[in-house]
Amino acid sequence: MSCIGTAGHVDHGKSTLVEALTGIDPDRLVEEKERGMTIDLGFAWLKLPHGREVSIVDVPGHEAFIKNMLAGVGGIDAALLVVAADEGIMPQTREHLAILDLLRVRHGVVAITKADLVDEEWLELVREEVAQQIRPTTLSGAAILPVSAYTGQGLPQLLAELERLLDEAEARQDIARPRLPIDRVFTLTGFGTVVTGTLLDGSLRQGQEVEVLPGGQKSRVRSMQMHKQSRDVVYPGSRVAINLPGIARTELKRGDVVVLPGQLRPTLLLDARISLLADAERSLTHNTQVEFYCGSQEIPARVRLLDTDELQPGESCWAQLRLNRPAVTARRDAFILRIPSPSLTIGGGEVVDVHPRYHRRFQQPVLAALEQLQQGTPEELVLAALDRRAIAARAGSTKAGEVSRLAARTLIGLQGYELAEVARLANLAEDVTWQALKSLLIEERVRYIGTKGVAGDKDEGTRGLWFARSIWNILIEESSRLLANYHRQYPLRNGLAKEEWRTRLNLSARQVNDIFMALLEEGVLELADQETSASRPMSLLHLPDFKPRFTDAQQRQVEVLERAFRKQPFAPPVLGEAEKLADPEVVAALIEQGRLVKVSESVLFLHETYDEAISRLVRYMSTHETITAAEARDVLDTSRKYIVPLLEHLDILRITRRAGDVRMLAPGSNARLPVLGTE
């Protein structure tokens, strides 16, 4: 399907020409008929000579209704620019033509209406004026045809030209992500709420579940009509009316967008390339308040200029648009910018990123990334989507010494994305994204983490995580750096706790296990041996070549400490006393290595003593069923100072169960017993 939009000054005969071509009066409002002037969007349709069916959106030409005009021309394939022969180029002719140029409408025809009211000489002057006016625009070279809606002059030639240029136009893209910008909402008795618009980017089918953004209302396509004919399926470019049950008319408005659930998300921030009209009456300064028009949406916004302080007429720049309320857009969408007072069209642009991060101004890495997003291939767009956090990191570390490399990178996170999210961020269809990811994987420009470690098929690729190779390399580099720094700071400790490793790298809790297992497989890190998992259940990570080693002086302290612990094995030095015999870091290392076992804040035992104590107590309870603190004290020939913390420790491990003043073996305690070094 194709859609044609009219354009031109008020009273130049747009609606009259549409009616002459289609037999349909596009003016549907009583007020329009009373005033003889189009106020809001009108709709009609026709079959061209060779059978092509096309829709027509008729727009108002009065400057007071420019907002309505903008709501109708966003989805057109070709323009029908109307200029009255008796008046020639007028102010709204120029503004409408500028809007078509900013929206990149590259196919069109100019109809010089009311040709029957002027002579040939005058008609030729108007033709020359029009040709000069369209020459610097996207409609340069468009056919200029004199017509008369009253006599029928030129209408067959106009229809033939419309068919020719639509045959030359590129087919509407179907990327399986349908969206219908709503330009009209009404109710029908027995049906409920009906919305209309021009369908973009995909097909819709009767019965499909849909949502309306930005509000998030859920519904389904009960029925659809195109040109008053019921349709089971409608395709991109179709003017379509959709019946949405379960949503009240008052919940919807022009500017809302019908989409499939989960495919698009509203945004309050956009990255864009913007341009000012060469004849704009004013420049555009940083943080200027504007009106943003995209599709059928009209939203106040503030323009943040990223590479200049003031944009002059005829110039372009990079900008972020901070919207006053959520918009629903996609990459490559064209838009119009107007200033609210005095109400003027000053320029427009193209959306480059619909979910960007907030950018600092004049950052070369950010500007380079935007250039890549604007011009990239699918592979480049996928890489940019995966690598957006690395871009922010590089921008954050431009001032030497201001932020550490690790801090700059981890502030914005290191993470991977599932296939659906990559497609959304790159603004590509899933199938296109999947093919791009496969190519990048072969070239080793991305890293895939899945249940099998490789992306064997699309189903497998959907479940796993995709990383830009640059992000994965940063993750490896920073993980190694973090562990190396930890080993230097604590050379006697077995390693860094896994949770601290995750937190320090700012890794997603949802993704950390997949990332961790992949790094283990690659040999980037290792798990420390845990000799006493019951007493040290946390996972400790270290570099593959790391081994805690005592210096000669520290080894002598270890020997002094061990002699003191063996002298009275069940009444050894408490923590404070041990730290007087040896450096606290040496004591901590022995605890970490499992050579000392810490059963409370102050009580420590040698590993073999700990095993012997548990063995004796378990053997006693196996014979006598229960044990008191006093009996346990006698079994080990120690004091309450040691026996009470030890028994409470066994309670925590669920080896024993306390009942009043006695303890007994807990059910299943054998499974929870540490590996004992002695009987």
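**Exercise 1.** Determine the handedness with which H3 and H4 cross.

*Solution.* The crossing of H3 and H4 is right-handed, a term for the near helix being turned clockwise from the far one by less than a right angle. Both are helices, that is, DSSP runs of H or I with at least four residues, numbered from the N terminus. The model is predicted: local features need pLDDT of at least 70 and side-chain atom pairs pLDDT 80 or more, while totals for chains, interfaces and linings use all residues. Residues are numbered from 1 along each chain, and side-chain values use heavy atoms, without hydrogens and water.

Next, consider the axes, lines fitted to C-alpha atoms over the stretch in contact, with angles from 0 to 180 degrees between N-to-C directions. Those of H3 (residues 66-73) and H4 (residues 91-102) come within 11 Å and cross at roughly 35°.

Finally, identify the residues in contact (heavy atoms within 4.5 Å). Ile-66, Met-69, Leu-70 and Val-73 of H3 meet Gln-92, Glu-95, His-96 and Ile-99 of H4.

**Exercise 2.** State how many disulfides a search of the whole structure finds.

*Solution.* A disulfide is a covalent bond between the sulfur atoms of two cysteines; the criterion here is a pair of cysteine sulfur atoms within 2.5 Å. The search finds zero. For Cys-294, the nearest cysteine sulfur, that of Cys-3, is 16 Å away. For Cys-317, the nearest is that of Cys-294, 17 Å away.

**Exercise 3.** Decide whether Cys-317 is buried or exposed.

*Solution.* Buried means under 20% relative accessible area, exposed over 50%, and partly exposed in between (1.4 Å probe, protein chains only). Cys-317 has 1% relative accessibility, and therefore counts as buried.

Key:
Helix = DSSP H or I, 4+ residues; strand = E, 2+ residues; numbered from the N terminus.
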